[in-house]
Amino acid sequence: MLFFNLAEPILNAVTPQWVAFSHRCGLKHVPLREGATLWLGWTGLTWLAFVGSLLFVEVGERSDLSLVEGLLGGGLIGLVQWQMLRFSLAEASSFCWNQSYRWMVATVLGWGTLTLFHIGALGWMAPDTQNLFFRSLLGVLYGGYVGAGLGIAQWLAIRQQVVSAWRWVPLSSGIWAVAIAFGWLIGGCLRAVSHLFISEVVGLMVAWGVIAALSGIGIVGLFYQPSNR
Amino acid sequence: MRLLFSLFRRLIFRWHQATQQQIALVALGMFLCGLVLLSSGGPTREPTVEQHPSDTYLSDNPLAEIHESEIRGVWITNVASSVMFAPWGIPRAVHQLAEMNFNTVYPVVWNRGHSFYHSATLRRLTGDAIAPIMALTHPNEDPLEEMARVGHKHNLRVIPWFEYGFMVPLNSKLAQQHPDWLTCQHDGSYELYESNLTGNRQQQPTVLRQLINRMLGSGAPKTLGWLNPLHPEVQSLVSAMVNEVVSQYDIEGIQFDDHFSLPAAFGYDPFTVGLYQAEHDGQRPPDNPDDADWIRWRADKFSNFVGNLHEQVKVTCPTCLFSVSPNPAKFAYRFHLQDWLTWVANDWVDELVVQVYRDDLDRFEGELAKETLQATMDRIPVSIGILTGTWRRPIPFDQIRQQVISSRDHHFSGVSFFYWDTLWSYFTPESPQKRRQNFRDLLAEESI
């Protein structure tokens with residue numbers, strides 16, 4: 001695990017300061033080292049999985065993508081996130097590792113269902129308008145919608161092990177809304193300058209970076225809440 | 001029935017006992033299978049076409065009917081392109097082209113001093129039988145052989161394209177081992193500038209521009225030179241390579257483009273000067289490279305070689321086409337010393353694909369309406385080469401559509417697009433799927 005190796009010395013250095021700071025401020029105990037490791041791994045691997053998915057999923061405009069592409073792309077994301085949960089949460093959470101595969105199944109089924117209904121595979125799609133305002137608006141609407149759909153599927157996978165797991169649904173929806181709107185905005189600006197469709201791919205890479213980072217924070221928050229231990 | 005039920009129960013039982021690692025392996029395996037299937041453009045369906053090269057163009061072959069309908073071709077190059085280097089690139093590209101109703105491919109076989117097929121001639125000269133990276137990515141099958149096999153499976157004509165013609169990087173093995181084969185300008189410079197090919201001598205690229213060009217040029221060589229097309233040993237090299245291609249591969253012809261020429265600024269090397277002096281009572285060539293008689297003399301010498309090469313191709317492979325893809329006649333003669341009107345008049349050209357890379361539709365149509373082009377159409381099939389874009393110069397599909405329609409309105413034999421990677425990819429203004437749909441509609445049989 002490259003990210004573990006990279007993160008470990010940094011985390012070892014900052015953990016004592018963070019724990020002391022938490023005590024001074026009266027915050028709840030948070031296992032910073034494990035949490036940050038999970039966040040780093042989750043963020044890095046989710047983003048790399050998206051980049052890897054571009055080898056076999058062709059980014060297109062709305063309704064261009066097939067069910068198979070949605071399943072493959074979503075499946076790859078779900079696969080790496082499952083592995084991340086397996087390694088990180090084996091001892092830290094009641095979400096024990098032999099239940100974590102449900103996350104992958106939920107993610108694949110979530111993407112598949114969304115694609116089947118011509119809503120999904122949004123993570124590999126660009127809007128068919130060049131107007132930046134409409135891009136942002138559509139990003140918020142579609143991102144929020146897809147985030148909620150995925151959130152519901154993933155909530156079904158974790159609801160028995162994680163306290164107040166329902167919070168994942170609005171959290172996922174908000175993350176996707178912000179990230180997709182931001183990514184589409186970046187993609188639109190780049191495309192206006194370069195006149196090349198590759199700009200949309202760059203925009204989606206930015207979007208997936210935001211999704212990975214924010215959802216990583218959400219996952220850490222959900223799985224490391226004290227009542228879960 | 002009971003046995004089946006028992007097997008099913010056992011399978012379910014084992015599934016419950018399966019470990020997470022096993023599930024992970026199965027999931028990973030499914031992804032890899034999907035990856036392979038999608039990347040290769042689906043499983044192969046037909047056996048290999050096994051024919052002698054000279055049998056390919058017989059009347060019972062559907063390829064022979066292509067000249068009766070519209071020619072829909074595309075150039076496949078290795079510059080700024082991955083199609084020749086990815087192991088799955090050729091089948092994927094050809095499969096997509098066939099789906100979009102293309103019927104001709106011009107795959108690169110000669111570029112930057114390297115061949116893209118196994119050449120005994122180049123191995124003897126440079127030590128490399130094929131471009132080194134191609135040897136790595138195609139360890140089992142010669143890329144040209146693969147192109148011909150897969151192309152014919154999809155009823156596409158395969159016409160290998162000697163893209164670089166006489167142009168070579170000055171740091172290539174060929175140029176370094178045979179500096180006497182290079183031709184030079186009046187000031188003794190061997191280096192070729194873009195302006196030598198475009199005719200605008202005032203615009204030399206700035207250092208910054210050169211840097212940007214190199215960054216966007218997919219590792220393009222820093223400095224290019226020009227092999228002397230009038231030198232007998234250079235002519236032997238080209239003849240040998242052409243002979244290898246037409247005699248060893250199941251192809252429909254060969255093609256040369258505007259690099260199969262001599263830029264007007266060149267021709268001041270000792271060999272050419274000596275040849276000129278021998279025929280002009282010891283008089284040196286004019287200092288002005290644009291001198292009309294000097295241009296005529298070099299163009300005629302070059303035309304003689306074209307005639308000999310055409311004859312050689314026809315002796316080796318009577319059914320192979322000698323295809324040429326130059327610029328419009330006046331420009332080609334004036335700046336590249338390609339007198340292709342004479343070549344056509346002498347029946348040395350079987351198929352002409354004129355590069356008309358103009359953004360402005362009026363200028364494009366003006367080229368198509370020229371009398372020389374119309375007269376050539378009476379003798380041989382003439383197609384129009386249309387630029388679909390480069391990484392630095394993306395072209396919207398509307399422009400491409402207008403130019404194809406205009407070519408059809410002028411009753412040309414077809415169109416060819418430069419180049420594969422800008423037909424539909426991320427490096428186009430529209431999404432790849434939208435471009436594919438547009439090409440499918442544009443090239444649909446009904447529209448012809």
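Chain B of this predicted model has an open sheet of 9 strands, paired in parallel and ordered β5-β2-β1-β14-β13-β12-β11-β10-β6. The edges belong to β5 and β6 (161–162) of chain B, each of which has a single partner strand, so one side of each is left without a neighbour in the sheet.

Take β14(B), residues 414–418. All told, 5 of its 5 residues are buried, so the rest of the structure largely encloses this strand. That goes for both faces: B:G414, B:S416 and B:F418 are buried on one side, and B:V415 and B:F417 are buried on the other.

| Strand paired with β14(B) | Sense | Bridges | Residues opposite each other |
|---|---|---|---|
| β1 (71–76) of chain B | parallel | 4 bridges | B:V74 and B:F417 |
| β13 (382–387) of chain B | parallel | 5 bridges | B:G385 and B:S416 |

To get from β13(B) to β14(B), the chain passes through helix α17 (residues 397–409) of chain B, and this β-α-β crossover is right-handed.

Strand β12 of chain B (residues 351–355) holds B:Q355. Is B:Q355 buried or exposed? Counting C-beta atoms settles that: 20 others lie within 10 Å of its own, so B:Q355 is buried, the cut-off for that label being 20 or more. Leaving out neighbours within four places in sequence, B:Q355 touches B:D258, B:S325, B:P326, B:N327 and B:G385. B:G385 has already turned up, as the residue opposite B:S416 in β14(B). There is also B:D257, which sits 98 residues from B:Q355 in sequence, with 8.9 Å between their C-alpha atoms.

Chain B has another open sheet to look at, with 3 strands in the order β7-β9-β8 and antiparallel pairing. Here β7 (167–169) and β8 (182–183) of chain B are at the edges with a single partner strand each, so each has one side without a neighbour in the sheet. Between β8(B) and β9 (residues 224–227) of chain B there are 2 bridges, in the antiparallel sense, and B:T183 stands opposite B:W226.

On to the helices. With 25 residues, α12 (residues 292–316) of chain B spans 36 Å from first C-alpha to last, close to the 36 Å expected at 1.5 Å a residue. Which residues of α12(B) are buried? They are B:I295, B:W297, B:R298, B:A299, B:F302, B:V306, B:L309 and B:V313. Covering these residues are, among others, the helices α10 (232–248), α11 (270–279), α13 (329–336) and α14 (340–345) of chain B, along with the strands β10 (253–257) and β11 (321–325).

Helix α6 (residues 143–153) of chain B is mostly covered, with 8 of its 11 residues buried. The buried ones are B:P143, B:L144, B:M147, B:A148, B:R149, B:V150, B:G151 and B:H152. Their cover includes α3 (89–99), β2 (104–107), α5 (132–137) and β5 (157–158) of chain B. After α6(B) comes B:N155, which has a positive phi near 60°.

Now for the cores. In soluble globular proteins, nonpolar side chains tend to be buried together. The largest nonpolar core here has 103 residues, and the members touching the most others are B:V74, B:I76, B:V105, B:V109, B:F116, B:V245 and B:I254. One of these, B:V105, is in contact with B:G73, B:V74, B:I76, B:V94, B:L97, B:M147, B:G151, B:L156 and B:V158, setting aside neighbours within four places in sequence. Apart from this core lies another, of 62 residues, with A:L38, A:W47, A:A177 and A:I219 among its members. Two of the contacts of B:V105, namely B:M147 and B:G151, are also buried residues of α6(B).

That leaves chain A. How many helices and strands does chain A have? There are 7 helices and 2 strands, arranged along the sequence as α-α-β-α-α-β-α-α-α. Of its 229 residues, 50% count as buried. As for contacts in chain A between residues at least 6 apart in sequence, 75% join residues at least 24 apart.

Methods: Residues numbered from 1 in each chain as written. Chains lettered and ligands numbered in written order. Predicted model: local features only at pLDDT ≥ 70, side-chain atom pairs only at ≥ 80, totals over all residues. Core = buried A, V, L, I, M, F, W, Y, C linked by C-beta atoms within 7 Å. Buried ≥ 20, exposed ≤ 12 C-beta atoms within 10 Å, placed from the backbone. Contact = placed C-beta atoms within 7 Å. Pairing = 2+ DSSP bridges. Right-handed = clockwise from strand over helix to strand, strands pointing away. Expected span 1.5 Å × (residues − 1).
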